[in-house]
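Here's a quick briefing on a protein model with a ligand in place.

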Amino acid sequence: MSIVTYIGMGSNLGDSAQILKEAVAQLATLGTVSVSRLYQSPPMGPQDQPNYHNAVARLVTDLEPLLLLDELQRFELESGRVRLRHWGERTLDLDILLYGEKNIINDRLTVPHIGILERDFVVIPLLDLDAELQINGIALHSLDLVQQSTLTVLEGSSWAQH
Ligand code: ROI
């Protein structure tokens, strides 16, 4: 059965725009994909690392959560994922933010993703895809960080085409 999932995407090493574009093409092999705008975001964590490119993809898929996670981790590795330190710079991060309305907690996966409501680089792109989106009954558009966003729009929602 098809489920609406939201996948967070981030990169701050290499040609981040190109890496995220290729990630969207990979996601499109798993179902039907649409994407938020493409943003630049100051690093959360150590400040002596480059700004991030961030976006969110909406993926409608039949894959069960852990099989979806397997695929995302494969895409990360195939992108030549490099991760230099904890909360540090990385080539590609793909996170399952939401999986339908499901709450998932196990060794490999926590959904909704931890910290989702505190991260403007996730919340703002999610609102591009669904302006009325709620998580655990909280309307994302009502969060303070929406008004205090630190993001810069790099490109509109057609950035991932071609
Ligand atoms: N900071 C920003 N701005 N964007 C990210 O995607 C991101 N990802 C991370 C940490 C290191 C927490 N910081 C981030 O994993």
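**Pockets, ligand and backbone**

The second largest pocket has 14 lining residues, and those nearest its centre are Leu98, Gly100, Glu101, Leu133 and Gln134. Keep in mind that this is a predicted model. The ligand, though, is found in the largest pocket.

**Second largest pocket**

- S1 and strand S8 (134-135) are the elements that put two or more residues into the lining of the second largest pocket.
- Its volume comes out at about 240 Å³.
- Sorted by class, the lining of the second largest pocket holds six nonpolar, five polar and three charged residues.

**Largest pocket**

- For the largest pocket, the volume is about 870 Å³.
- A set of 33 residues lines the largest pocket, and Arg90, Asp93, Asp95, His113 and Arg119 are the ones nearest its centre.
- Which elements supply at least two residues each to this lining? They are strand S1 (3-11), strand S4 (52-61), helix H2 (65-78), strand S5 (93-99) and helix H3 (120-129).
- S5 is the top contributor to the lining of the largest pocket, with five residues.
- By class, you get 16 nonpolar, nine polar and eight charged residues in the lining of the largest pocket.

**Ligand surroundings**

- The shell around the ligand is made up of Ser41, Pro42, Pro43, Met44, Tyr52, Asn54, Trp87, Arg90, Asp93 and Phe121.
- Six of the shell residues are nonpolar, two are polar and two are charged.

- At Pro42 the backbone does the work: one of its backbone N or O atoms is 2.8 Å from a nitrogen atom of the ligand.
- Arg90 uses its side chain instead, with a polar atom there 3.1 Å from an oxygen atom of the ligand.
- Asp93 also comes in through its side chain, where an N or O atom is 3.5 Å from an oxygen atom of the ligand.
- How much of the ligand's surface does the protein bury? On its own the ligand exposes 350 Å², and 94% of that is buried by the protein.

**Backbone details**

- You'll find Trp87 in the loop between H2 and S5.
- Is the peptide bond from Val111 to Pro112 cis or trans? The bond is cis, with omega near -5 degrees.
- Pro112 belongs to the loop that runs between strand S7 (110-111) and H3.

Technical notes
Residues numbered from 1 in each chain as written. Predicted model: local features only at pLDDT ≥ 70, side-chain atom pairs only at ≥ 80, totals over all residues. Heavy atoms only, no water. Near = heavy atom within 4 Å. Polar contact = N/O pair within 3.5 Å; in protein donor to acceptor, adjacent residues only side chain to side chain. Areas by Shrake-Rupley, 256 points an atom, 1.4 Å probe, with all protein chains shown as cover. 1 Å grid on protein atoms, 1.4 Å probe; cavity = no way out; pocket = protein on both sides within 12 Å on 5 of 7 lines; lining within 4 Å. Sits in = over half its atoms within 2 Å of the grid points. Nonpolar A, V, L, I, M, F, W, Y, C, P; charged D, E, K, R; others polar. Points joined across faces, edges and corners; volume = space filled by probe spheres on them. Helix = DSSP H or I, 4+ residues; strand = E, 2+ residues; numbered from the N terminus.
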